[in-house]
Structure formats: structure tokens, C-alpha cells
Number of protein chains: 2
Amino acid sequence: MLSNACKYAIRSVLYLAIHSNESKKIGVKAIAEELETPQPFLAKLLQQLSRDNLVSSTKGPNGGFFLSDMDKQNAIWNVIESIDGTDKFDNCFLGLKKCNGENPCPVHFIVAPFKETILADFRDKTIEKYVTSMQGTRQVITLKDLDKL
Amino acid sequence: MLSNACKYAIRSVLYLAIHSNESKKIGVKAIAEELETPQPFLAKLLQQLSRDNLVSSTKGPNGGFFLSDMDKQNAIWNVIESIDGTDKFDNCFLGLKKCNGENPCPVHFIVAPFKETILADFRDKTIEKYVTSMQGTRQVITLKDLDKL
DNA sequence: TATAAAAAAGACATCATTATCTTTTTTACT
DNA sequence: AGTAAAAAAGATAATGATGTCTTTTTTATA
């Protein structure tokens, strides 16, 4: 569904939302170690997110990445747009060019409700809200890739 | 979600389920033209499906591919196993190695119900039943890739 | 001002997917 | 038997995703 790149990016954004702020910036190295993702690859992704104003950054000593309060008003959807593009969410599960309620593929009505649900979540729920609901449960730990628990 | 290869394969199987039988075999060329997929690539996929006994074939003049009644008792799931493998269905949407109800990623409870639904459909509904429900509506036409309608 | 730390940028390497092309095997039919 | 049609198999090519390495730019601070 999502590329590795996009998964890394989403997890980074959520990680930064939880652990960083204007006065506590975090470097690529630390983020990559924490999320257990390839460091130079993640650097590219953070650059891209930075270009699209989804994460903030400062260069130089004590520099790093962080999420401003404004950044936290973005949605996961914006991250997906930035890294993968969102075309795939429009596409038919079986790859048909014209597939819709009028002219459905054999799995259309199985897949369509899910798309609605997940798209609504990704589009409408801000990063900030994600953090809130993560802190409600103990989901914070699960941003890591590994099974260290 | 599914690779192109797998989408082509599923559509081919459904196409054969509708249009072929023991005494009406169809060649790769015709299938590829009908579904508008790359012909030599589709040939590879049909070979793979044939090795896994998901489609039947005979060589030589008047040979071709077809679905026997037994073949029609398979599920879409078997096609996915054959072409893509089904690992991706076990994996977390955000790529976390340990993600489950006990230890959920931030989107776990959004994604999990869908997985159940679609997996049940893919695993338990036979090709034959797919054909029946396709013929109930007019979904047959939508196996094509293009918007000719 | 010099230095070092950090992101930004660009070039390169690797791998899987997608796709094509060629040769071989099988088999019906003349 | 010979031929032609079709799948099966194998080798090769093109592309995009993934990942690494090196250089440049920016900036805090000694």
C-alpha cells in the first residue's frame, strides 16, 4: 500500500510530534536510530518533508528537525502526498482504469468502504490529534521498527 | 497493495472462469488483448499459475488456457499466494515488526477491520462464486483495463 | 574569524518489479 | 513423418524504489 519511504516518513513525523518542539530539535541520526530506519535514506525523506513544510528544521550546531505547532495541524495525508503521492488511493484494487459504483470491478464493494474510512482518517485527523489518541493508549512505543518492547 | 503482476493474474483467472472451459481454450494472445495487459508478461504469469494448478492448459494447436471445474473451486487468495505471496497481508500498515491489538500502531484499529473483511472474501469465496456474483450485476465488462465501455 | 555541527543537495549503487525476446517442448492435424 | 500452433522455459532489458556516499551550505559558538 504505502512505500517504505512513506512509512518511514509517517513514523518520523509522529515521532517528532511526540518528542520534539521548537526548543528541542532532533538530528537525523537520532531519529533514524530510534525508528531503526536507514539513516541517509531517512535524511532524504526529511529533506523532502521540509521542502513541503511538513517538518521544520534548522542547520548548524544544535540544529535538527522538529514539528512546530503549525506543523502539527497537518494531516498524515499531507505526508503521503509529499512522499508517495496519493494517486494509488484513487486507483482500482484490480488496476482497472474505470472502476466505480456504476461500473464496479469484482471487489469494488468490498474495498470501497475501507477506502472511505481510512481516507477520512488520513485526511481529516491532524498529527496533533494522532498524538493525543496515541498518548491515550500506550501506542507511543510502537513507532519503533523492532520488537524490543 | 497488489503488484501489477497479481492484478493481471486475478483478472486473467476471472476472465478464464467466465469465458473458457475444457472444450473452449483461450491463448495468451487473446487474453492479453482482451484484458489489455502486456502479452509476454502475462504469459509468464499464466505459466506460474499453471505450475501451481490454478489454471489448466494444453500445448499444441487448438491449445490454450482454461479453467476446469476444479480450478474454479480455488480462491483469489490462491492466486495471490502464487504470484505475490501473502506476507504483505500480515504486515503492519506502517511497517512495524510487532503490531497487533495488544501493541497497536497508530492506525492499527483503522486498518484491522478492513483486513479481516477483505481477507475473508479472498480466502473463502471461490472463483466460481465470484463469477456468479459478477453475472448478477454487470461487472463482467470491467475486467478490461481500458475505458472503452 | 575559525571551527565544528548539522541539514541540503547531488551523484552513485543495488535490487525487485516489470517487461521483452528467443529458444525449446509438446501436440494436433495434414 | 512433417508442419504449424501453442505453451514452457530461459535469457536479457528497462524502470523505479531503496539505499549509500560525498560535497556544499548554513549557522552557533569558541
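Q: Which residues does A75(A) touch, not counting residues up to four places away in sequence?
A: This is a predicted model. In it, A75(A) touches F122(A), R123(A), D124(A), K125(A) and T126(A), with residues up to four places away in sequence left out of the list.

Q: And where is A75(A) placed in chain A?
A: A75(A) sits in the loop between strand 2 and helix 4 (76–83) of chain A.

Q: How far is A75(A) from E128(A), in sequence and in space?
A: In sequence, A75(A) and E128(A) are 53 residues apart. In space, their C-alpha atoms are 8.6 Å apart.

Q: Now chain A as a whole. How many helices and strands does it have?
A: Chain A has seven helices and two strands. Along the sequence, their pattern is α-α-α-β-β-α-α-α-α.

Q: What box do the C-alpha atoms of chain A fill?
A: Taken along the principal axes, the box is roughly 55 × 30 × 30 Å.

Q: What share of chain A is buried?
A: Of the 149 residues in chain A, 36% are buried.

Q: Next topic: which rotation superposes chain B on chain A?
A: A rotation of 180° does so, with 0.0 Å of shift along its axis and an RMSD of 0.0 Å. This is the relation of a two-fold axis.

Q: Which C-alpha of chain B is nearest the axis?
A: In chain B, that is the C-alpha of M1(B), at 2.1 Å from the axis.

Q: What surface do the two copies use for their contact?
A: The same surface serves both copies, since 100% of the contact residues of chain B recur in chain A.

Q: How many residues are in contact there?
A: On chain B, 31 residues are in contact with 31 residues of chain A. Helix 1 (4–19), helix 6 (108–124) and helix 7 (127–136) of chain B each give two or more residues to this side. Helix 6 of chain B has the largest share, with six residues.

Q: What classes do the residues on that side of chain B belong to?
A: On the side of chain B that touches chain A, 18 residues are nonpolar, six are polar and seven are charged.

Q: Let us turn to the DNA. Which residues are closest to DNA strand D?
A: The closest are S3(A), N4(A), P38(A), P40(A) and G60(A), from the 24 residues that surround DNA strand D.

Q: Which elements give two or more residues to that surface?
A: Near DNA strand D, these are helix 1 (4–19) and helix 3 (39–51) of chain A, together with helix 3 (39–51) and strand 2 (64–66) of chain B. The largest share, four residues, comes from helix 3 of chain B. By class, the surface has nine nonpolar, 11 polar and four charged residues.

How values were computed. Residues are numbered from 1 along each chain as its sequence is written. Chains are lettered from A and ligands numbered from 1 in the order in which they are written. This is a predicted model: local features need pLDDT of at least 70, side-chain atom pairs count only at pLDDT 80 or more; totals for chains, interfaces and linings use all residues. Copies are superposed by least squares on the C-alpha atoms of residues with pLDDT of at least 70 in both. Two residues are in contact if their C-beta atoms, placed from the backbone, lie within 7 Å. A residue is near a molecule or strand if its C-beta atom, placed from the backbone, lies within 6 Å of it. Ala, Val, Leu, Ile, Met, Phe, Trp, Tyr, Cys and Pro count as nonpolar, Asp, Glu, Lys and Arg as charged, and the others, Gly among them, as polar. A residue is buried if 20 or more other C-beta atoms lie within 10 Å of its own, exposed if 12 or fewer, and partly exposed in between; C-beta atoms are placed from the backbone.
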